[in-house]
Amino acid sequence: EMSRVLPSTIPPGSWPRRMGADLAAGYCGEATVDAFLKRVGREYPQPRVADGRRRLWLRDDLDAAICSSMVPGDIAEDL
């Protein structure tokens with residue numbers, strides 16, 4: 001019996017916990033993947049998973065990088 005291959009889906013209004021460069025670029029508001037990758041290691045973190053050609057960024061790491069330049073400390077401390 002052949003198993004059916006189902007495409008993955010991302011519900012509207014949500015982001016996966018681990019993202020490839022294309023999703024990470026969009027999440028960070030970059031216009032292109034190249035623009036995102038040029039800032040990796042400076043403004044954005046290195047991918048948490050780097051296994052061969054597979055590179056994945058964690059949403060928490062991206063959030064920390066994005067928010068660190070705008071808000072000192074932990075955002076949750078103010079809630």
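User: Is W15 buried, partly exposed or exposed in this predicted model?
Analyst: Residues are numbered from 1 along each chain as its sequence is written. The model is predicted, with local features requiring pLDDT of at least 70 and side-chain atom pairs pLDDT 80 or more, while totals for chains, interfaces and linings use all residues, and side-chain values rest on heavy atoms without hydrogens or water. Buried denotes under 20% relative accessible area, exposed over 50%, and partly exposed in between (1.4 Å probe, protein chains only). With a relative accessible area of 37%, W15 is partly exposed.

User: Which residues make up the largest nonpolar core?
Analyst: A nonpolar core is a set of buried Ala, Val, Leu, Ile, Met, Phe, Trp, Tyr and Cys residues joined through side-chain atoms within 4.5 Å. The largest one has 10 residues: M19, A21, A24, A25, C28, F36, V40, Y44, W57 and L62.

User: Which residues are linked into a cluster by ring pairs?
Analyst: Leaving aside neighbours within four places in sequence, F36 is in contact (heavy atoms within 4.5 Å) with residues including Y44 and W57. Ring pairs link a cluster of F36, Y44 and W57.

User: How many disulfides are counted?
Analyst: A disulfide is a pair of cysteine sulfur atoms within 2.5 Å. By this rule, the count is zero.

How values were computed. Phe/Tyr/Trp six-rings, centres within 6.5 Å; stacked < 30°, edge-to-face > 60°.
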